[in-house]
Amino acid sequence: MVVDGFFITGAIVCLLAALICIVAAVIRQPPNDITILSVAAVELFLLVYGIAAIVRQAGGESVAGEVWEFWGYWITALLVPVAAFWWSILERTRWSNLILGAVGLTIFVMLVRMEQIWDGALAV
């Protein structure tokens, strides 16, 4: 599996966001600026990742897998942090931080799959 800088950056952002949110839930904190901003960082990364993917494709770099599948994952990934944000605003309990933490883990898994689609690596 070929790993690029975008994947490594995304993995770090996602796993840090998950860690921040899970720790906040463990110490019984309701969603706060730190946990919500950590999920916003994941969303910001996804936007930059999408723009970079457009530039890479426009520059002639092709997706080894199905293009529609890559963009389908990306669009879905964009919706996950937004849904978790609204959940955390509507239900201001410590459990909402676990939902926010699940965003980081979910997007990390989706990034692994998007990397596989982009580089043509098969899941093991």
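This is a predicted model: local features need pLDDT of at least 70, side-chain atom pairs count only at pLDDT 80 or more; totals for chains, interfaces and linings use all residues.
Residues are numbered from 1 along each chain as its sequence is written, and side-chain values use heavy atoms, with hydrogens and water left out.

A search of the whole structure finds 8 aromatic pairs, where rings of Phe, Tyr and Trp (its six-membered ring) pair if their centres lie within 6.5 Å, and planes under 30 degrees apart count as stacked, over 60 as edge-to-face and the rest as tilted.

Phe45 and Tyr49 both belong to helix H2 (residues 33-58), where 4 residues, about one turn of the helix, separate them; helices are DSSP runs (H or I, at least four residues) numbered from the N terminus. The pair of Tyr49 with Phe70 instead links distant parts of the chain, with Tyr49 in helix H2 and Phe70 in helix H3 (residues 67-90), 21 residues apart.

Phe45 counts as buried because its relative accessibility is 8%, and Tyr49 is likewise buried at 4%, the term meaning under 20% relative accessible area (1.4 Å probe, protein chains only). Phe70 is buried as well.

Ring pairs join Phe6, Phe45, Tyr49, Phe70, Trp71, Trp74 and Trp118 into a cluster. In a further contact, the charged end of Arg94 sits over the ring of Trp95, 4.2 Å from its centre, a relation that requires NZ of Lys or CZ of Arg to be within 6 Å of the ring centre and within 35 degrees of the ring normal.

Technical notes
Helices (H or I, at least four residues) and strands (E, at least two) are DSSP runs, numbered from the N terminus. Buried means under 20% relative accessible area, exposed over 50%, partly exposed in between (1.4 Å probe, protein chains only).
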